[in-house]
Amino acid sequence: MPLTLAQLLPGQAGCVCDVQGEKSIRHRLLEMGLTRGTAVQLVRVAPLGDPIEVELRGYRLSVRKSEASRVTLEGE
């Protein structure tokens with residue numbers, strides 16, 4: 001079963017398989033570096049659960065859980 005970026009626990013990692021959603025959101029996520037084949041690791045979750053912070057391509061990125069749920073991952 002595919003896992004989404006929003007389902008990761010802190011310290012878990014995966015590789016981006018697909019980014020879905022309406023064109024504007026999909027384009028924004030791709031511009032931020034969440035492209036197919038990119039390794040990502042969940043660093044931490046905000047105290048109220050949103051947003052989440054991920055590490056990819058040598059930098060850290062905060063995204064909303066609603067956006068992160070559109071990023072499908074493969075386990076590493």
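**Exercise 1. The chain as a whole**

What percentage of the contacts in the chain with a separation of 6 or more do residues 24 or more positions apart account for? Describe also the elements and the overall dimensions of the chain.

*Solution.* The model is predicted: local features need pLDDT of at least 70, side-chain atom pairs count only at pLDDT 80 or more, and totals for chains, interfaces and linings use all residues. Residues are numbered from 1 along each chain as its sequence is written, and side-chain values use heavy atoms, with hydrogens and water left out.

Step 1. Residues 24 or more positions apart account for 58% of these contacts, where contact means heavy atoms within 4.5 Å.

Step 2. The chain holds 2 helices and 6 strands. Helices (H or I, at least four residues) and strands (E, at least two) are DSSP runs, numbered from the N terminus. Their order from the N terminus is β-β-α-β-β-β-α-β.

Step 3. The radius of gyration of the chain is 11 Å, close to the 11 Å that the globule rule gives for 76 residues, so the chain is as compact as a globular protein of that length. This radius is taken over C-alpha atoms, and the globule rule is 2.2 Å times the number of residues to the power 0.38. The C-alpha trace spans about 30 × 25 × 25 Å along its principal axes.

**Exercise 2. The sheet**

Determine the order of the strands and identify the edges.

*Solution.* Step 1. The order in the open sheet is β1-β6-β2-β3-β4-β5, and the pairing is antiparallel. Two strands pair if DSSP finds at least two bridges between them.

Step 1. At the edges stand β1 (3-4) and β5 (59-63), each of which pairs on one side only.

Step 2. Between β2 and β6 (residues 71-75) there are 5 bridges in the antiparallel sense. Cysteine 15 stands opposite glutamate 74 in β6.

Step 3. Alanine 13 belongs to β2 (residues 13-19). From alanine 13 to leucine 42 the C-alpha distance is 6.3 Å, although 29 residues separate the two in sequence.

**Exercise 3. The nonpolar core**

Which residues of the largest nonpolar core touch the most other members?

*Solution.* Step 1. A nonpolar core is a set of buried Ala, Val, Leu, Ile, Met, Phe, Trp, Tyr and Cys residues joined through side-chain atoms within 4.5 Å. Buried means under 20% relative accessible area, exposed over 50%, and partly exposed in between (1.4 Å probe, protein chains only).

Step 1. The core has 18 residues, and Leu5, Leu34 and Val71 touch the most other members. At least two residues each come from β2, β3, β4 (52-56), β5 and β6; β4 gives the most, with 3 residues.

Step 2. Beyond its neighbours within four places in sequence, leucine 5 is in contact with residues including Leu34, Val40, Ile52 and Val71.
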